[in-house]
Amino acid sequence: VVYCLMFNVNSSLVPLLLLLLFILCHVDGHVHRETELFHGTTSMRLIISSGVNTTDRRHACRISWLKWIKHVKHVSYSFYVEAPVTDLERAQIKEESDAFNDILVINGTAPRDKTLQSCAFRRWEALIHDFSVFQTTVDYYVLVDDDSFICVHHMLFASKFWPVGREQRVHISHFRGGAPDVVSMYSSILLKEALQIVASNVKFKTMPLQALIENHLIENVDCINELRLNYGARGFGNTRYNDFTN
């Protein structure tokens, strides 16, 4: 308005300038609220299980919920992909990895079939590698499948109330019938002890981490049943993915 008066600009531009000012203030306030929302949340590493040929799922994650994570400094992620076996698969994974820099390939000894035992084995391989890099510098390790879609705002806000400490053994998931759902959070201390057990006996690699707790191989674990964690974990496999994309 002052600009218009000083330079004798057409008065018809005043409403437009006021609208622009309103938009700028609104956006600034929105960014400020988002910053406050993320303040005080725990640090996390998201380990996203994925397959060589599920490129479309990874892209769907990148253009949706993963876009929010890029703005949160204390949360990071990687897609853990089974080892490619053909030249075509190797070229495909290399091209995608070079483009997005968010893919890690699991140990080539990990089986590629879809049995529960093989899925557990691949998850352990991903956890072993990720923990070797980040150790206890993050509060929680989060296991996710590439066909799950996470409400990042919900997860970050809820994490303010998760137990955090050097001796905290915590497993957070949506437990149904005593079994954890697709999305599971492990405190770094719990994961450290679990990996020590797995290293002592390879047979444990075919079991989920929850089995170690149920068999009392790890004691004093707080299993928190977060009912709202069924976000992004309803349905099975392609159904969950297609419902979102369609």
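Buried means under 20% relative accessible area, exposed means over 50%, and partly exposed lies in between, with a 1.4 Å probe and protein chains only. By that rule tyrosine 140 is buried, with a relative accessible area of 1%.

Before I go on, the model is predicted: local features need pLDDT of at least 70, side-chain atom pairs count only at pLDDT 80 or more, and totals for chains, interfaces and linings use all residues. Residues are numbered from 1 along each chain as its sequence is written, and side-chain values use heavy atoms, with hydrogens and water left out.

I start with the strands. Helices (H or I, at least four residues) and strands (E, at least two) are DSSP runs, numbered from the N terminus. Two strands pair if DSSP finds at least two bridges between them. Strand β6, residues 179-187, has seven of its nine residues buried. Strand β4, residues 140-145, runs antiparallel to β6 and is joined to it by four bridges. Tyrosine 140 has serine 187 in β6 as its bridge partner. On β5, residues 170-176, there are five bridges to β6, again antiparallel. There, isoleucine 172 is partnered with methionine 185 of β6.

Next, the rings. A pair of aromatic rings is described by the distance of the centres and the angle of the planes. Rings of Phe, Tyr and Trp (its six-membered ring) pair if their centres lie within 6.5 Å; planes under 30 degrees apart count as stacked, over 60 as edge-to-face and the rest as tilted. How many aromatic pairs does a search of the whole structure find? The search finds four. One of them joins tyrosine 77 and phenylalanine 79, edge-to-face, at 5.8 Å centre to centre and 85° between the planes. Both tyrosine 77 and phenylalanine 79 are buried. Another is tyrosine 140 with tryptophan 162: the centres are 5.1 Å apart and the planes at 65°, so this pair is edge-to-face. Tyrosine 140 is in strand β4 and tryptophan 162 is in the loop between α7 (152-158) and β5, so the pair ties together parts 22 residues apart in sequence. Tryptophan 162 is buried, at 9% relative accessible area.

Now helix α8, residues 188-200.

Last, the charges. A salt bridge is a side-chain nitrogen of Lys or Arg within 4 Å of a carboxyl oxygen of Asp or Glu. The whole structure has 13 salt bridges by this search. One of them is between aspartate 130 and arginine 45, with the closest N and O atoms 2.7 Å apart. Aspartate 130 is in helix α6 and arginine 45 in strand β1 (residues 44-50), 85 residues apart. Aspartate 130 is buried at 1% relative accessibility, and arginine 45 is buried at 3%.

Lysine 205 and glutamate 125 form another salt bridge, with closest N and O atoms 2.4 Å apart. Lysine 205 is in the loop between α8 and α9 and glutamate 125 is in helix α6, so the pair ties together parts 80 residues apart in sequence. Lysine 205 and glutamate 125 are both buried.
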